[in-house]
Amino acid sequence: MNIKKLTILALFTALALILSLVDSMLPPPVPVPGVKLGLSNIVVLFVLLRYEKKDAAIVLIVKILLASFFTVQFSSFFYSLAGGVFSLLIMICFLKIFGNRLIPLTSIAGAIFHNLGQFAVALLILRTAGLLTYLPFLMISGMVTGLFIGLCCLSIHKYIPPLTFSQE
Amino acid sequence: MNSSLTKQQKHYALLFLVLLAVMAFFCTLAIILIQKRQSSATVASIYQNGSLIQTISLSSVTAPYQLKLDGPNGSVNIIEVRPGSIGIVEADCPDQICVNMGIRSHSLLPITCLPNRLIIVFSEATENTDTFDLMTY
C-alpha cells in the first residue's frame with residue numbers, strides 16, 4: 001500500500017467515523033432499536049464506487065472498530081459488524097450487475113441488508129421471538145434511509161473530482 | 001440514466017423494484033396490524049441475555065415500584081412497574097431508545113434495550129410464557 005493510498009483511505013475512514021458519530025447523536029425518529037440514518041454508508045459506498053472492494057472493506061472495518069471504541073459500547077460492535085459486512089457484500093453484488101449506474105438501488109439494497117444483519121445478531125443474542133415485530137419497521141426504514149444515502153452518494157460522485165492512488 | 005442500461009440490467013432493476021414494492025406493501029400492512037392490534041395482555045416477561053429472569057402479572061400489581069437490573073459489563077436499567085403497565089425509566093446506554101418507548105400496558109412491540117441485552121415482552125395472561133418460542137402475526 002503506497003503512502004497516497006494510505007492517506008486517502010485514512011481520510012475516508014475519518015470522514016466515516018465523524019458521520020457515524022453525528023448519526024448516533026441524531027434522535028431516533030421511531031422508538032425501534034436499529035433505525036438509523038446510516039450516514040457513514042455514504043463514505044463506504046463512495047469508496048466502493050471509486051476504488052476497490054478491498055479498500056471499502058478496510059474503511060468499513062476500521063470505522064466500526066474505532067466507533068465502538070469511541071462510544072465504549074462493545075455490544076454495538078457485533079451489530080455494526082454484521083450489518084456492515086452484509087451490506088458491503090450485497091452492494092458489491094449490485095455494483096457487479098449494474099455498474100455505477102443505479103447507485104440509489106445499490107444503496108437501498110445495502111441499507112436493507114445492513115438492517116437484516118443487525119437483526120440477525122439481535123435475534124442470536126436476545127433469542128426472543130417477540131423481536132420479529134420490529135422487522136417490518138427495519139425494512140421500511142432501510143428503504144427510506146437507503147434511498148436518501150444513495151442520492152447523497154450520487155451527487156457526491158458527480159461533484160468530487162477523481163482522486164487516484166497513483167504516485168506522481 | 002436508464003438509457004445506458006443494457007436490457008438485462010433493466011430486467012434486474014425492474015425485478016428488484018417489484019420486490020421492493022411487494023416488501024414495502026407487506027411491511028406497511030404488518031406495521032398497521034401491529035399498531036392496531038391491542039392484545040389484552042397482562043403479563044410482562046423480562047428477558048436478559050436471552051433468558052427469562054422475571055415474569056410480572058401486571059394486573060395484580062397494586063402499587064408502583066421500581067426494579068433495578070444489573071446487566072452485562074456493569075450496565076444498569078431501572079424498570080418501573082405500575083398497576084397494569086411497565087416501562088424502562090432509566091438506562092445507561094447512549095441511545096435511550098428503551099426509555100423513549102415509555103411506559104406501556106400492552107403492545108405487540110416489545111420494549112428493548114439492545115446495548116444492555118434487555119427485553120420486555122408482553123403476552124396474554126393465559127399463555128404459558130415458558131414455552132413461548134415462536135410468534136406469528
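A salt bridge here is a side-chain nitrogen of Lys or Arg within 4 Å of a carboxyl oxygen of Asp or Glu. By that rule, the interface of chain A and chain B turns up zero salt bridges. The model is a predicted one, and what does hold the interest at this contact is its area and make-up.

Put together, chain A and chain B bury about 3,400 Å², with 78% of that on carbon and sulfur atoms. On the chain A side, R101(A), L126(A) and T133(A) supply 17% of the area buried against chain B, more than any other three residues. The contact draws on 34 residues from chain A and 43 residues from chain B. Polar contacts come to four residue pairs between the chains, counting pairs with both residues at pLDDT 80 or more.

As for where the chain A side comes from, α4 (75–98), α5 (103–126) and α6 (135–159) of chain A are the elements that give two or more residues to it. The largest share, seven residues, belongs to α5(A). Sorted by type, the chain A residues touching chain B split into 25 nonpolar, seven polar and two charged.

Of its 137 residues, 42% are buried. Among chain B contacts between residues at least 6 apart in sequence, 38% link residues at least 24 apart. The accessible surface of chain B works out at about 7,600 Å², and carbon and sulfur atoms account for 57% of it.

Notes. Residues numbered from 1 in each chain as written. Chains lettered and ligands numbered in written order. Predicted model: local features only at pLDDT ≥ 70, side-chain atom pairs only at ≥ 80, totals over all residues. Heavy atoms only, no water. Buried < 20%, exposed > 50% of the residue type's maximum accessible area, 1.4 Å probe, protein only. Contact = heavy atoms within 4.5 Å. Areas by Shrake-Rupley, 256 points an atom, 1.4 Å probe, with all protein chains shown as cover. Buried area = accessible area lost by both parts, 1.4 Å probe. Polar contact = N/O pair within 3.5 Å; in protein donor to acceptor, adjacent residues only side chain to side chain. Helix = DSSP H or I, 4+ residues; strand = E, 2+ residues; numbered from the N terminus. Nonpolar A, V, L, I, M, F, W, Y, C, P; charged D, E, K, R; others polar.
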